[in-house]
Protein chains: 2
Amino acid sequence: MDFDVIKPLLKEDQKSKIVLLVMDGLGGLPMTEGGKTELESAVKPNMDALAAKSVLGAHHPLPFGLTPGSGAAHLGLFGFDPVKYEIGRGVLSALGVDFDLQKGDVAARGNFCTVDSEGVITDRRAGRIPTEVGEKLCQLLMEKINIPGVEVILQVEKEYRFVFVLRGEGLSGEVSDTDPQAVGKKAHIAKAAVPQAEKTAEFIREFVRQGNKILAAEHPANSFVLRGFAQLPKWPTFGEIWGVNPVAIAMYPMYRGVAKVVGMTVLEAAASMDEEITMLEQNWDKYDFFFVHIKKTDSYGEDGNFDAKVHIIEEVDALLPRILALDPDVLIITGDHSTPAKLKAHSWHPVPTMLYSKTCLPDGLTTYGERACAKGSLGSRFEATDLMPYALAHALRLEKFGA
Amino acid sequence: MDFDVIKPLLKEDQKSKIVLLVMDGLGGLPMTEGGKTELESAVKPNMDALAAKSVLGAHHPLPFGLTPGSGAAHLGLFGFDPVKYEIGRGVLSALGVDFDLQKGDVAARGNFCTVDSEGVITDRRAGRIPTEVGEKLCQLLMEKINIPGVEVILQVEKEYRFVFVLRGEGLSGEVSDTDPQAVGKKAHIAKAAVPQAEKTAEFIREFVRQGNKILAAEHPANSFVLRGFAQLPKWPTFGEIWGVNPVAIAMYPMYRGVAKVVGMTVLEAAASMDEEITMLEQNWDKYDFFFVHIKKTDSYGEDGNFDAKVHIIEEVDALLPRILALDPDVLIITGDHSTPAKLKAHSWHPVPTMLYSKTCLPDGLTTYGERACAKGSLGSRFEATDLMPYALAHALRLEKFGA
């Protein structure tokens, strides 16, 4: 969807409400030939009853066959073509640790590493130092680094991985990586890709100089590399594009972060799925678009734990009546991508999707599952970016195009 | 479809005949949960029998989720992407009153309005004056206006609405609206958007000056505003693009007008659906592409009259044997968009479509309805612009692409 096409069609002052319920990594596969998927195996009477009143289909967030990361997959659901709208690696890392990235900040993903006396990298993960050590080294660097004109903030992600943030005036993310992404090489020198980034590149080179001195005695983590320098993108916001007042409800930093990048209001992290639905109820009158994110379907998929993933789907099903009691005008239940327990990883499989509204013509399918969705009228492989305009249409929020 | 791709593939001197039967606003919704749509409710033995020999599907004329106006929807069926090929508001208004717009004419949509002594608009509809008054004022203006070098033609649409046409040499539609589209404001001054439009803008400003004097004593219609200045677009014609000799049979001005814009021969307005089919029969030997337009399915949909819409579909069904007796090589039965009686308005729902030809592989569906179409091999949401190339293929009018 070209945002310029939809912009003049958005009705103002609408009261209709849309809920986008995302079970992360929802799509699955049978563990054995002829079996059922996680979603097909789950006992979920509420979702099945809703399927009978809904239109079904399966979406793909990227060009067909590609497997999305979490950021890209959510951008697709939000209507931003993930090939065109890319969030820089550094920004994704910052979002993943709930770092409060500000406009103008430059973020990068950092690795502590081991170098020999010549500065050649011998271990890109510094012997997988424990997270506590990584955290201590981040603190050490922040205490000792002194670069006039700019603030350096470091936050450990996990083990040897950390987020690097440069905060100051007139910075740019157009700087090349220092990380050569290989052992046996020295770290690269950070270089400006455009003239306006020269000042930022010099700040980074100074950080590298001072940092290497500070870490010299901290073997195995006696050096570090940085990659994916990036700033928060300057995109139109979700609210502007779709004419809604959106709010995000999610337990994990990454998803609150992506919602923040597209300009949604982001609520505090909930402690449980139950609490997420309570937050939905409590905020029902304040917003008109609700992104509700369920993480554990994906986590158990990644773990290869088929049964636990099934169980999470069943728990979500038990919460569904509370969502329906709010009487949303449009309720979409889908995933951001597939994470079949069988593959223990994100996958490219189209993602089961169900859209309920009072103005939909139900497909007559009576269960919510991958193979039911493949028969639905939304199509067995529609583009994720088509969902938002379709949801707005069903919420009666669009004027007609042309006279 | 890129027209340049199909152009070299068009076979010459073909005799095969294609009928595009459009029931305006055909797609519908059940009035109550679990019910049937208008098309599903209609008793239509002829269409159902034809469905068994056809391929079915549901099209959308615009990016998925958008609701088309009549002009845009028909352009889609004719193979012109309505986002790319837009007909200006003024031209649409002229087409809607059967005005014989010429190449070079500039048309606009006019509103009579009420202004106070300062020229501030106090009523954008001049108290909804009756059509007869609107007509009289159009005549009055045409008699008294005198602008050397250009002819001004006005034709009432309905009540306070009229069509404004400027006829002369070297005119341009690139002029800004005088209509501020709000009360409490003065009319804008028409301005040229490009240098070549300066002469036209001055003609319009002069019309506004003279017109306001002429209407000064005609309270409540003591002024007027104009918007959507436009000329007939310079597009390739339907006949050139698809290699056919097309004719349009329609009762209502708007549809004859859109057909004219794409260069079809347009027959006189028929007085009934029966007469439309008689015109089809009488002209069978003269053309090879026949656009036949049925209006009342849409009208009753807009009225919210479910039963009357059903009845019109049944009447069309009764006429179908006469079309089949002509032995068309390809017969498409579809709508331009959906107009569910339940919504009393055009909608975004995909439009039921059935394509019959001697070379199609029937889907094995035995009824023509929204949910049958959603299961058809054309797909549950194909693009309307795909229809024309597919019809040509089934009419054996295309060479193969590549050696």
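First, the conventions. Residues are numbered from 1 along each chain as its sequence is written, and chains are lettered from A and ligands numbered from 1 in the order in which they are written. As the model is predicted, local features need pLDDT of at least 70 and side-chain atom pairs count only at pLDDT 80 or more, while totals for chains, interfaces and linings use all residues.

I begin with the two copies. Chain B is superposed on chain A by a rotation of 121 degrees with 0.2 Å of shift along the axis, at an RMSD of 0.2 Å. That is the relation of a three-fold axis.

How many residues does each chain bring to the contact? Chain B contributes 27 residues and chain A contributes 19 residues; two residues are in contact if their C-beta atoms, placed from the backbone, lie within 7 Å. On the side of chain B that touches chain A, at least two residues each come from α4 (70-77), α5 (89-96), α13 (370-373) and β13 (379-383) of chain B. With three residues, β13(B) gives the most to that side. By residue class, the side of chain B that touches chain A holds 13 nonpolar, nine polar and five charged residues. Here Ala, Val, Leu, Ile, Met, Phe, Trp, Tyr, Cys and Pro count as nonpolar, Asp, Glu, Lys and Arg as charged, and the others, Gly among them, as polar. Only 4% of the interface residues of chain B are also interface residues in chain A, so the copies meet through different surfaces.

Next, the sheets. Helices (H or I, at least four residues) and strands (E, at least two) are DSSP runs numbered from the N terminus, and two strands pair if DSSP finds at least two bridges between them. In chain A, eight strands form an open sheet with mixed pairing, in the order β9-β8-β10-β1-β11-β12-β2-β13. At its edges stand β9 (265-266) and β13 (379-383) of chain A, each with a single partner strand, so one side of each is left without a neighbour in the sheet. The partner strand β2 (residues 54-60) of chain A runs parallel to β13(A) and is joined to it by three bridges, with A:Gly57 opposite A:Gly379.

Chain B has an open sheet of eight strands in the order β9-β8-β10-β1-β11-β12-β2-β13, again with mixed pairing. Within chain B, β1 (residues 18-23) and β10 (residues 289-294) pair in the parallel sense over six bridges, and B:Met23 stands opposite B:Ile294.

Chain A also has an antiparallel pair, in which seven bridges join β5 (residues 151-158) to β6 (residues 161-167). A:Val152 has A:Leu166 in β6(A) as its bridge partner. These strands form a hairpin with two residues between them, and A:Glu159 in the turn has a positive phi of about 50 degrees.

Turning to helices, I start with α5(B), one of the elements at the contact. Seven of its eight residues are buried, so α5(B) is largely enclosed by the rest of the structure. A residue is buried if 20 or more other C-beta atoms lie within 10 Å of its own, exposed if 12 or fewer, and partly exposed in between, with C-beta atoms placed from the backbone. The cover over the buried residues of α5(B) includes α4, β3 (106-115) and α9 (253-261) of chain B. Just after α5(B), B:Asp98 has a positive phi of about 65 degrees.

Helix α14 (residues 387-394) of chain A has eight of its eight residues buried, among them A:Pro389 and A:His394.

Helix α12 (residues 306-325) of chain A has 20 residues and reaches 30 Å from first to last C-alpha, close to the 28 Å expected at 1.5 Å a residue; that expected span is 1.5 Å times one less than the number of residues. Where does α12(A) bend? The bend is about 35 degrees at A:Leu319, and A:Pro321 follows within four residues. The bend is the angle between axes fitted to the seven residues ending at a residue and the seven starting there.

Finally, A:Leu326 lies in the loop between α12 and β11 (330-334) of chain A. A:Leu326 is partly exposed, with 14 other C-beta atoms within 10 Å. Beyond its neighbours within four places in sequence, A:Leu326 is in contact with A:Glu281 and A:Trp284.

Conventions. Least-squares fit on C-alpha atoms with pLDDT ≥ 70 in both.
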